[in-house]
Amino acid sequence: MAEKARIVVLISGAGTNMAALVYASRIGDCPYEVVLVASNDPAAAGLALAAAEGIATFALPHKGMTRDAHDAAMEAAVLESGADTIVLAGYMRILSDGFVERWAGRMLNIHPSLLPKYKGLDTHARAIAAADSHGGTSVHLVTPELDAGEVLAQVRVPIVPGETAESLAERVKLAEHQLYPRAVADYVSRWRNPGWLLEQLRARALALPETSEQESFGSAGFRVGEGKSGKYFAYFSERPHGHDRIALLAKTSGMDELHGLVEDQPETYFKPAFYGASGWVGIILDRPDLDWGDVDAWLQRSWRSVAPKRLTRLLDIADEF
Ligand code: GRF
């Protein structure tokens, strides 16, 4: 089992979602641990619970501070805790753009509506007033625009006859307490999720000129060129023979390079069975610190080595400028 992701939970109020995150983290092989609960309100009920659970806490009232100064102090506490992901759970402060941008892709929020509907406040009352059949909740990535980042997961909650904003809020919270721990767990462990890795690889491989996807011996393969004259330049290998890692297979310049890579960086490269004999290298993808820029570079190289001349010639000319 890989090391657990370290999350900080930011709260302003009751902190029931924070509690759900904490208790989920105590069960079995949850892939994250809560290393800090921080708040802009020292009286937030959730802080006392976190402390009683033995979790480090930090509180700093924002009154009398500029947004930037308050955010800087919160961020310093987050960094001090060694957290790699920030999870907002009823944190009722807009964060400054700089803070949000520094944590891009590493900060999540839960919002009590079916986004993109009803960003901002009073979501339940607005859903009822619009006679919607359902309210619900969304977990999304945090971007500078309020409640507008990519939605990672949602749960729909029906609106029943006689519903009030309060009764709906209560039921939506039950859904949130199920959804948030699961969505956070999935997100922090996406780096070893074969489906997610294939999606990333596919988007990158198919962004190269004249490429298509074609299965080969049960693996996703990517080809350049048309029809029968096309050639494979990459394979996604979920369980390469003799390896329990998830890998991209790409073409090297030959055996010398292949063996050099495997010898120097065995945590990144391996010689795959069968394909290795013709100079393909396995590049391990299920690493938390994987650099997708390296993957792009390998895809481009491999593509170039088998692409028809009429395509590479244009790139060679472009390279000269
Ligand atoms: C939740 O409904 C969440 O969607 C919203 O704020 C509320 C926080 O509640 N962002 P709690 O403090 O977790 O109980």
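## Backbone in two loops

P116 is found in the loop between strand 5 and helix 5 (123-129); helices (H or I, at least four residues) and strands (E, at least two) are DSSP runs, numbered from the N terminus. The peptide bond joining L115 and P116 is cis, with omega about 10°. E210 lies in the loop between helix 7 (194-205) and strand 8 (211-216). E210 is not a glycine, yet has a positive phi of about 50°. Most residues other than glycine have a negative phi, and most peptide bonds are trans.

## Basis of the values

The model is predicted: local features need pLDDT of at least 70, side-chain atom pairs count only at pLDDT 80 or more, and totals for chains, interfaces and linings use all residues. Residues are numbered from 1 along each chain as its sequence is written, and side-chain values use heavy atoms, with hydrogens and water left out.

## Domains

The chain is assigned domain 1 (5-188) and domain 2 (194-319), with bounds from an automatic or database domain assignment. Taken over C-alpha atoms, the centres of domain 1 and domain 2 are 39 Å apart.

Polar contacts are pairs of N or O atoms within 3.5 Å. A polar side-chain atom of E176 lies 2.5 Å from an oxygen atom of the ligand. On the backbone, an N or O atom of G15 lies 2.8 Å from a ligand oxygen atom, and a polar backbone atom of N17 is 2.8 Å from an oxygen atom of the ligand. The protein buries 85% of the 370 Å² that the ligand exposes when taken alone (Shrake-Rupley method, 1.4 Å probe).

How values were computed:
Polar contact = N/O pair within 3.5 Å; in protein donor to acceptor, adjacent residues only side chain to side chain.
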